[in-house]
Amino acid sequence: MAFPLLSLIVFVPAAGAAVVMFLRSDDLVRWVALGFTVLDLTLAIAMLAGFDTGTSEMQFVEKRPWVPALGITFALGVDGISALFVFLTALLGWISVLASWIAIDRKVKQFMVSLLTMQALMLGVFSALDLFLFYVCWEAMLIPMYLIIGIWGGDGRVYAAFKFFLYTLAGSLLFLIGIIVLYFEGGRTFDILALMELDLPFEVQSWLFFAFLVAFAVKVPMVPLHTWLPDAHVQAPTAGSIILAGVLLKMGAYGFLRFSLPMLPEASVHYSTLMMALSALAIVYGGLLALAQDDLKKLVAYSSISHMGFVTLGIFALNPLGLQGSILQMFNHGVTTGALFLFVGLIYERTHTRSIADYGGLMKVAPVYTGFLALFVLSSMALPGTNAFVGELLVLSGGFAANLALGAVAVLGALLGAAYLLGMYRKVALGPASVGARFKVRDVNGREMVAILPLAVFVFWVGLYPKPFLAIIDSSVTHLLQQVYDKGNGP
Amino acid sequence: MIEFVHPALLFILGAVPIPFLKGSIRKTYLVLIPALAIAAVLAMEPGSYGAGRFIGQEILFAKVDKLSIVFATVFTIMALIGMVYALHLSQAGQHVAAFVYVGSALGVVFAGDYLTLYLFWEGMAFASAYLVFAQGGERAIRAAFRYLMVHLTGGVALLGGIVLHGLAAGSLLFGPIGGGALAGTMDTGGYLILAGFLLNAAVPPLNAWLTDAYPEATVTGAVFMSAFTTKTAVYVLARAFPGTELLVWLGAVMALYGVIYAVLENDCRRLLAYHIVSQVGYMVAGIGIGTEMAVNGATSHAFAHILYKALLFMGAGAVIEVTGRRKLTELGGLYKTMPLTVALYMVGAFAISAFPFFSGFVTKSMVIAAAGQDHRALVVLALTMASSGTFLHTGLKLPYYMFFGTDRKLEAREPPRNMLVAMGIAAVFCIVIGVFPEPLYALLPYPVAFEPYTGVHVTESLGLLMFTALGFVLFLKALDPENTISIDTDWFYRKGARAFLWLAEKPLARYEKAVSNVSDTLALPLLHGTARAGLRVDLNGVDAAVNGFARAILVGGGALRRLQTGVVTHYALAMIAGVIAAIAVFAVVWQ
């Protein structure tokens with residue numbers, strides 16, 4: 001067996017969690033957590049470096065028997081769809097640690113254990129090739145997240161954590177039922193690749209599609225199953241928000257790509273218009289609500305709903321442009337929205353208010369902060385030259401090709417994005433320096449800069465030279481579309 | 001020898017060091033870069049540069065031909081003039097924004113594909129919005145925000161059009177769509193692209209952003225803005241939609257629309273802004289006519305217009321700079337204290353009014369002549385009327401109230417020297433082009449067979465101008481500016497934005513709150529209700545049943561206990577009786 005790179009990537013954070021548990025000093029805990037997450041990132045970079053873009057096959061595959069009696073194996077592997085997410089998770093991991101450096105000042109050890117466990121489980125989700133393993137990680141993830149929101153969150157943390165838990169759990173239960181059905185239909189195997197070869201009758205596909213839909217739509221989240229998100233985001237500590245927006249939301253969309261499309265191709269095609277309509281609704285609805293927010297975090301949270309609408313729109317456009325765009329856009333969203341939450345967190349640490357009305361003229365007191373904020377705001381609204389533009393352009397091209405009217409709605413959503421983001425920026429950064437008079441605001445320091453800069457690099461890198469990223473995605477997307485169209489709907 | 005230096009990059013990358021330079025080094029630098037850009041444009045050879053692929057599409061960073069060179073030439077000259085005019089500023093922000101703005105405009109001019117075009121298109125919107133933001137104050141910030149939103153709306157229409165057009169045409173290379181020989185091939189994408197372009201060209205009813213934002217911009221920023229955004233739009237229209245019939249009529253209406261609205265204006269820069277709308281109307285009409293002469297006319301008029309309009313804005317800006325006032329009703333009598341400014345401004349005014357031997361004459365007459373040659377009498381009439389109106393406002397009314405008229409004893413002096421120098425350069429261009437039009441004509445995309453200085457042309461236009469002047473003298477009182485605010489189409493988006501926000505804030509947010517709390521208001525009560533009901537069922541039903549059963553057993557047990565006598569033989573007897581009964585039942589049942 002080759003070098004178990006993926007296992008290492010998954011288990012390094014877990015090992016970190018185990019080590020941190022035995023440390024006494026808070027400072028040491030922070031540094032060790034940072035060390036493990038940086039190591040993890042290095043491994044993820046190594047994974048991308050060794051990634052063969054010419055094939056749609058799973059790479060870095062590892063298989064070990066786990067519960068042979070039930071057909072459960074410990075199988076890991078990545079393809080073009082999951083590779084970027086593994087990398088994104090690793091990238092946001094150490095940034096989350098940095099973002100919690102001073103924001104988390106009590107029970108630091110417990111926090112870092114939760115964070116690292118979370119990290120390991122998320123990486124497990126993206127690299128699992130066994131449905132059982134996938135589900136275990138998917139469910140287990142709820143616990144550290146619940147703790148992160150419920151213990152280190154804001155004033156309404158218990159309510160938010162509870163809501164988050166309820167919504168996702170309810171979705172997951174249907175998912176579990178779907179998994180069991182697949183297990184028996186597929187001849188008692190949890191092997192994801194084998195299950196993709198199944199040719200289920202349309203009836204069964206439909207039921208499974210909706211069972212999966214609820215589970216994934218809650219995670220994405222798609223309107224109308226989104227209401228846990230604003231609460232969870234607002235209450236979560238910065239690191240929690242970054243992980244929620246950056247990684248957790250992607251899992252729903254990843255679920256569509258990994259399960260719904262290849263395993264249930266006929267149903268996916270059949271319900272694609274419905275899904276696109278729901279996505280368009282999410283784009284506009286999320287955008288409008290973001291426009292109405294006075295709370296910075298809520299604004300970014302609702303903008304996530306809108307942006308994830310683009311992602312699902314691209315997925316269910318079911319053409320190469322749409323799929324490439326949505327996968328790339330998920331990566332972009334992770335970078336950009338992760339950064340925006342980081343920025344909200346940074347300013348909250350200084351002023352302890354998230355109300356936009358309390359700000360104004362921030363540019364005069366914190367020019368570097370507002371400069372970078374402008375960059376990420378522009379990226380979020382998909383200005384050409386930034387990462388989101390490439391993703392959105394591809395998604396829109398795919399969307400237009402699939403359904404003109406819904407594509408048009410999505411374009412309007414892009415405009416709403418400009419309205420709420422620029423409106424927010426105007427109120428926060430420009431105007432008379434009222435914020436400086438009321439709060440003592442210092443500009444970003446070195447530690448914060450270290451967290452910001454890599455994200456800024458990706459904004460430009462993907463924006464100006466997206467080729468390497470698209471190359472990773474490309475062959476898997478082609479393969480996925482073959483699975484959708486050849487198996488279920490071919491002659 | 002480097003055969004091609006992209007002037008857009010010269011400006012955009014050149015913007016980076018500005019904040020780090022100080023004093024006279026910065027000043028030299030600010031003039032040096034535009035000068036280098038002029039040299040780069042002059043040295044340019046037609047051809048395609050910087051081809052590549054981006055997300056699977058062919059892109060072409062720079063496509064150089066005669067049309068792009070004309071615009072690039074005037075843009076770089078204008079950049080130099082504008083920079084000189086802005087040299088006295090100590091803050092780097094506006095310089096940087098202006099550099100990015102000019103660079104983006106040049107980027108659009110050389111863009112060989114729609115993606116590159118869109119990139120720079122948006123860059124222009126942001127950079128120019130900053131020039132309004134930089135004015136400071138709530139009014140300017142709001143105006144800048146409106147300006148930006150309108151442009152982003154146009155940008156979104158453009159982007160949608162680009163995507164649709166790209167899907168239909170299979171290529172994103174920037175070229176003619178739907179006009180002239182391609183008539184009838186316009187699709188939805190083409191119309192969306194056209195809409196995006198028309199918005200930037202400030203075609204009514206999409207014009208309000210211009211007259212809304214320009215008067216709020218900084219003194220130096222407005223000079224840049226007057227030159228680049230609309231003329232870039234003219235360029236892309238000339239590139240993509242020559243010979244589109246719709247443009248002829250839009251252009252004619254525009255030319256009159258701007259003039260009519262200018263009547264109502266009291267703010268000096270707003271008045272000038274309306275004249276941009278009017279003047280761009282000539283160019284749009286020329287492009288719509290689409291003949292070689294008409295496109296030449298539109299192009300040359302854009303060239304001349306950039307320079308004289310900038311001169312007018314610089315003059316008005318100088319007045320605002322020294323007096324701090326911008327309303328005509330508050331100005332007057334400045335000719336004593338600012339004679340040079342007055343003289344330079346008047347050169348611009350004569351140029352825009354198309355006096356013979358000023359630049360406007362040799363270019364505007366070409367557009368009108370092209371319309372005549374194409375037998376479009378109505379268009380000729382509209383453009384001629386607009387021409388008269390232009391002289392009335394910018395040549396007579398505005399200078400009269402600003403520099404002459406009632407002396408309001410304002411404390412004024414000549415503006416800083418750099419401003420005067422900039423105005424001087426522009427004025428020289430206005431006159432030189434008017435007297436020696438040939439070099440400009442040689443730059444134009446098509447060969448020019450037009451002679452402006454014929455007896456008919458000159459007497460005709462002089463007659464028109466004199467008649468207008470006479471009218472002005474006779475009806476002077478009626479033209480007195482009033483201190484009013486005129487309502488243009490910006491009303492719609494001012495209100496529209498509010499309506500949108502209301503929709504988002506009131507009904508939708510309420511709905512969202514209701515849905516969001518559904519777990520509180522509906523789901524949890526339901527759950528708790530069910531739970532309580534369950535508890536009741538449990539207590540009263542199941543428990544009762546279980547308890548009842550238990551009680552029954554207890555009672556039964558008591559009864560049975562009575563049967564227990566403790567005598568073994570009784571039990572044995574009972575057992576035997578039971579066995580016999582069982583056998584009997586078995587025998588009967590299993591027959």
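Reader: How many helices and strands does the secondary structure of chain B come to?

Author: This is a predicted model, in which local features need pLDDT of at least 70, side-chain atom pairs count only at pLDDT 80 or more, and totals for chains, interfaces and linings use all residues. Residues are numbered from 1 along each chain as its sequence is written, while chains are lettered from A and ligands numbered from 1 in the order in which they are written. Helices (H or I, at least four residues) and strands (E, at least two) are DSSP runs, numbered from the N terminus. For chain B the secondary structure comes to 21 helices and two strands.

Reader: What percentage of the residues of chain B count as buried?

Author: A residue is buried if 20 or more other C-beta atoms lie within 10 Å of its own, exposed if 12 or fewer, and partly exposed in between, with C-beta atoms placed from the backbone. Chain B has 591 residues, and the buried share of them is 52%.

Reader: What is the mean pLDDT of chain B?

Author: The predictor's confidence in each residue is pLDDT, which runs from 0 to 100. The model as a whole scores ipTM 0.78 and pTM 0.82. In chain B, 86% of the residues reach 70 or more, and the mean pLDDT is 83.

Reader: Which helix gives the most to the side of chain B that touches chain A?

Author: Two residues are in contact if their C-beta atoms, placed from the backbone, lie within 7 Å. On that basis 28 residues of chain B are in contact with 30 residues of chain A. Helix H5 (114-133), helix H6 (137-169) and helix H19 (490-516) of chain B each supply at least two residues of this side. The most, 13 residues, comes from H6(B).

Reader: Are H2(A) and H4(A) roughly parallel or roughly antiparallel to each other?

Author: Axes are lines fitted to C-alpha atoms, for helices over the stretch in contact, and angles run from 0 to 180 degrees between N-to-C directions. Angles under 35 degrees count as roughly parallel, over 145 as roughly antiparallel, 65 to 115 as roughly perpendicular and the rest as oblique. Helix H2 (residues 26-49) and helix H4 (residues 108-127) of chain A have axes 9 Å apart and pack at an angle of about 10 degrees. The two helices H2(A) and H4(A) are therefore roughly parallel.

Reader: How many charged residues does the contact of H2(A) with H4(A) have?

Author: Residues of H2(A) in this contact include Asp26(A), Arg30(A) and Phe36(A), and those of H4(A) include Lys109(A), Met112(A) and Leu116(A). By class the contact has seven nonpolar residues, two polar and, as charged residues, three.

Reader: Is Phe60(A) buried or exposed?

Author: Phe60(A) lies in strand S1 (residues 59-67) of chain A. Although Phe60(A) is not a glycine, its phi is positive, at about 55 degrees. Because it has 22 C-beta neighbours inside 10 Å, Phe60(A) counts as buried.

Reader: Where does Leu318(A) lie?

Author: Phi of Leu318(A) is positive, near 50 degrees, in a residue other than glycine. Leu318(A) has 22 C-beta neighbours inside 10 Å and so counts as buried. Its place is the loop between helix H14 (296-317) and helix H15 (320-351) of chain A.

Reader: What separation is found between the C-alpha atoms of Ala236(A) and Ala160(A)?

Author: Ala236(A) is buried, with 29 other C-beta atoms within 10 Å. Not counting residues up to four places away in sequence, Ala236(A) touches Ile148(A), Ile149(A), Gly153(A), Ser241(A) and Leu244(A). Ala160(A) is 76 residues from Ala236(A) along the chain, and their C-alpha atoms are separated by 8.3 Å.

Notes: Nonpolar A, V, L, I, M, F, W, Y, C, P; charged D, E, K, R; others polar.
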